[in-house]
Amino acid sequence: MAASYYVTTPIYYVNADPHIGHAYTTLAADALARWHRLLGEDVYFLTGTDEHGKKIEEAAQKAGISPLEHATRVSARFRELWQVLDIEYDDFIRTTEPRHEAVVADLWQRMMAAGDIYLGKYEGWYSVGDEAYFTEDELVDGRSPTGHEVAWVVEPSYFFRLSKYGPRLLEHLRARPGFVRPESRYNEIVRFVEQGLQDISISRTTFKWGIPVPEHPDHVVYVWVDALTNYVSALGGPDAPLYEQFWPEAVHLIGKDILRFHAVFWPCFLMSAGLPPPKSMFAHGWWTHAGRKMSKTFGNVIDPGAMAQQYGADTFRYFLLREVTFGLDGDFSEAALRDRINGDLANDYGNLLNRSLGMLQKYRDGVVPSGGAAGPEDEALRTAFAASRETLLKAMDEMAFHRALAAIWDLVRAGNKYVDATAPWALAKQGAAERLDAVLYNLCETLRIVGVWTLPFLPRKAADLLDRLGAPADVRDVPSTAAWGRLPAGLQTTVGDPLFPRLEALAKAPPETEKKPETPKPMPAPEKKPTVTDTTTIQYDDFAKLDLRVAKVLTAEKHPDADRLLKLTIDAGDGRERTVCAGIAAHYTPQEMVGRTVVLLANLAPRKIRGVMSEGMLLAAGAETVKLLSVAGDLPPGTKIS
Ligand code: MSP
């Protein structure tokens, strides 16, 4: 029997329209769902909307309509966006649906029966923006840690004995290091639980827009108890067959801001109700824009629908999952998106398709040849295939989408190199028909494999690629890419228009690209050896302007457009991942760089180096032989050098 896989997104508040944050989690979940389907698993992908609570009630009041009417309108906008972004969910749950409300009441009664709910009085701070309670200590400048207003509330409330479940939760966490990912978030949760848990208020009496507490309808169920239950109610509740099949495999994708609700409250509610916690969860980072949190006030909100309309849904999907390490924060830049389109998608991926099928058309009337003569260039292509496959499978297991895509692109680039190395036009001229057959076949097989692997990320374009190849259904899944050579000969291919037309009109690019100096200044500059006469005395203040830090290399790859450069992603301890181009490709391999601790000049003005925005410079010594600077001992990224 096929393995089961259950992936969920948070259910989104319907107080306002969907934004990039919602799109991000949902398309990560969609990519995972598609990947697991391609593996042949039985997949259930759930998303939906969170429609109760004070926040929605207030938004509806503002709009002058009933909360349900408001929720219905906004919930529809989420579904419209998911259609635009090609999100293929299996179920969309709304917390105002009776099927959900019934399971919330059931869960409440189970927790009550376990003796874990008691009546008390809540007195403390509440933030409607977060729909969360805060202690005095947690407030930052009189606001919630996320910057929302708080109000002092005093009301009768039911409490949940969270304190009782601390030890059991800790045991659960310790036995399952993968319960919360990434690891840094797991550690954060373990530390939090180790400090001991306090009981929490789980009902409200000062407003009505919620699910009534069973037998005490003057209370409504706290919106987080209500919302979290969606993951079970969508499966039909604890006695339903869908629950039996999928609940043991549940993986929650969430943003880092709602981790505590998922990793602490939710498992404890479930334990109290006599149900097992989900299998695991993954908390991703936040997108900022122009270095700031997105907000209407700053006018820097990215509309995912508009982006998808302008650049194409596939492109937008690809960019969000390729640009930033899943788990870290990232800064959205339209210029970077355009770079990815012109570089990865047009130059690499689209080009491989068009030149391969173009040659196949020219030399073999577009028909995939069979067999052929092996040649010395084949080895490198096969090796690239095997290496990409291994990295890809592991990366998808770890939800490291950026690494998965980088691995696929290693094969794409190997395919393009194969064209250059085998020079099919020369083979045609020489009449080396057998070798030409083999080369064209290998290119088609590369395309097929790349096409299958990119289906989760570029669902339309990859399907288009496979259609142009004429690939039958049985060679369009992941198992069919386990070994080289499954593409049958004799298929009729069609070239078609470029898959990803280049964006030539750079004049229309946003100002941020134009302002950046175009001339690359890679480091280190070996031609300019400093000499004693170059040295002038500086004041300490001059030195203090340099933000030198310990940093860690997360990923490394060859710069797509410059042999001298490596393109690195680096953790400089500032909560985000940055890209740095370093002129060290002749001295270090990408593999040697991953995981290495380096010294980074972090506040060097960002500049674009051959199409890649580089933020900072690694320090190195030497000219002919270049050695990177490092620090003795084990210091964490971000440690200042002074
Ligand atoms: N309704 C709750 C979730 C209940 S789940 C049982 C909620 N909704 S939300 O609409 O406010 O946010 C949903 C998700 O969007 C969260 O995972 C949050 O992390 C994510 N994002 C909101 N803004 C974001 C960015 N700017 N960047 C990335 N994701 C962010 O919380």
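How many salt bridges does a search of the whole structure find? The search finds 38, a salt bridge being a side-chain nitrogen of Lys or Arg within 4 Å of a carboxyl oxygen of Asp or Glu.

**Before you start**

This is a predicted model, in which local features need pLDDT of at least 70 and side-chain atom pairs count only at pLDDT 80 or more, while totals for chains, interfaces and linings use all residues. Residues are numbered from 1 along each chain as its sequence is written, and side-chain values use heavy atoms, with hydrogens and water left out.

**Stop 1: confidence**

Colour the chain by pLDDT, the predictor's confidence in each residue from 0 to 100. The protein chain averages 91, and 94% of the residues score at least 70. Now select 506-536. Here pLDDT stays under 50. The model has 41 contacts for these residues beyond four places in sequence, a contact meaning heavy atoms within 4.5 Å. Where pLDDT is low, predicted coordinates should not be read in detail.

**Stop 2: the domains**

Colour three ranges: domain 1 (4-285), domain 2 (328-481) and domain 3 (540-628). These bounds come from an automatic or database domain assignment. The C-alpha centres of domain 1 and domain 2 lie 41 Å apart.

**Stop 3**

Select W35, L38 and D86. They supply 41% of the area that domain 1 buries against domain 2, more than any other three residues.

Next, select K256 and D329. They form a salt bridge, with the closest N and O atoms 2.9 Å apart. Between domain 1 and domain 2 the count is two salt bridges.

Helices (H or I, at least four residues) and strands (E, at least two) are DSSP runs, numbered from the N terminus.

**Stop 3: a link within the chain**

Select K164 and D116. Their side chains meet in a salt bridge (2.6 Å, N to O). K164 sits in helix α5 (residues 162-175), and D116 in the loop between α4 (98-113) and β4 (117-127). The pair is 48 residues apart and links distant parts of the chain.

**Stop 4: backbone exceptions**

Most residues other than glycine have a negative phi, and most peptide bonds are trans. Select R181 and P182. The peptide bond between them is cis, with omega near -5°. P182 lies in the loop between β7 (180-181) and α6 (183-194).

Finish at D141. Its phi is positive, about 50°, although D141 is not a glycine. Look for D141 in the loop between β5 (132-134) and β6 (151-160).

Terms used:
Buried area = accessible area lost by both parts, 1.4 Å probe.
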